[in-house]
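Good morning, and thank you for coming. Please look at the sequence and the model on the screen while I speak.

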Amino acid sequence: MSPWVSFVLLPLGAYVLGSTPFAVLIASSKGIDLRRHGSGNVGATNVGRVVGRKWGYLCFLLDVAKGFGPVFVAGMLFRHYGDGVSRTEQAAWILTAFAAVAGHVLSFWLKFRGGKGVATSLGVVLGFWPYFTLPGLAAFAVWIAVTLRWRYVSLGSIVAAGAFPVLLVAAALLWQWDLGLLWPLLAFAVLMSALIILRHRPNIARLRAGTENRIGAGRDRPQ
């Protein structure tokens, strides 16, 4: 594949798609400026809190899709599924994935501001078959378990993000993937996890202070 396509067009398309602020669009369709209500975050959790649970679910699926789509397409174009992938292909694949997440976090539609990137990162992970998909599903199970147990979406996201690189190594050992060849993907997994955790610094502060919103604690609807 042409380097122009691999390293420019695919990442650029991923960034543009990732930048699409579905949360803001959904809230705006209801006459609500999401950035002025709830936590002010432009993500699915705040959509569910402010607009309604079903709209939060829709936003979550759309944010996952905008991460999954470009990464899956890039993988299909590289024609590597089930086979080894070269470091050059990994670099282009990773750049496309990073661009999708960066688009959500730094959306040009929102003056380079955005959400925390959890749902879009999940989509990116699912698109990296099989290397990220299997440990990503395990991390998603961790998110569900932690969120349901303590009823903090942010805590589930932080724990799942921290667990993901560990689960990737465990999957590599279990399925005997060559970590020497896949080290760029492992490095990206660590970077992506660190980015998600850093984006949750305000939530971490609220968790420590006991002021973080719990699931089911009520909605902040506009008056």
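I begin with Lys66 and Asp63, which both lie in helix 4, three residues apart, or about one turn of the helix. Helices here are DSSP runs of H or I with at least four residues, numbered from the N terminus. The side chains of Lys66 and Asp63 meet in a salt bridge, at 3.4 Å from N to O. By a salt bridge I mean a side-chain nitrogen of Lys or Arg within 4 Å of a carboxyl oxygen of Asp or Glu.

Before going further, a word on the source: this is a predicted model, in which local features need pLDDT of at least 70 and side-chain atom pairs count only at pLDDT 80 or more, while totals for chains, interfaces and linings use all residues. Residues are numbered from 1 along each chain as its sequence is written, and side-chain values use heavy atoms, with hydrogens and water left out.

Are Lys66 and Asp63 buried or exposed? Lys66 has a relative accessible area of 2%, so it is buried; Asp63, with a relative accessible area of 2%, is buried as well. The term buried means under 20% relative accessible area, exposed means over 50%, and partly exposed lies in between, with a 1.4 Å probe and protein chains only.

How many salt bridges are there by this rule? The count comes to four. Another of them joins Glu212 and Arg206, with 2.7 Å from N to O. Glu212 counts as buried because its relative accessibility is 10%, whereas Arg206, at 29%, is partly exposed. Salt bridges that share partners also join Asp33, Arg35 and Arg36 into one network. Within it, the closest N and O atoms of Asp33 and Arg35 are 3.4 Å apart.

Next come the aromatic pairs, of which the structure holds eleven. Rings of Phe, Tyr and Trp (its six-membered ring) pair if their centres lie within 6.5 Å; planes under 30 degrees apart count as stacked, over 60 as edge-to-face, and the rest as tilted. The rings of Tyr131 and Trp177 have centres 5.2 Å apart and planes at 75°, so this pair is edge-to-face. Tyr131 lies in the loop between helix 6 and helix 7, and Trp177 in the loop between helix 8 and helix 9, so the pair ties together parts that are 46 residues apart in sequence. Both Tyr131 and Trp177 are buried.

Phe140 and Trp143, by contrast, form a stacked pair, 5.6 Å centre to centre with 10° between the planes. These two residues are three apart in helix 7, so about one helical turn separates them. Phe140 is partly exposed, because its relative accessibility is 27%. Finally, ring pairs link Trp93, Phe128, Phe132, Phe164 and Phe188 into a cluster.

Thank you for your attention.
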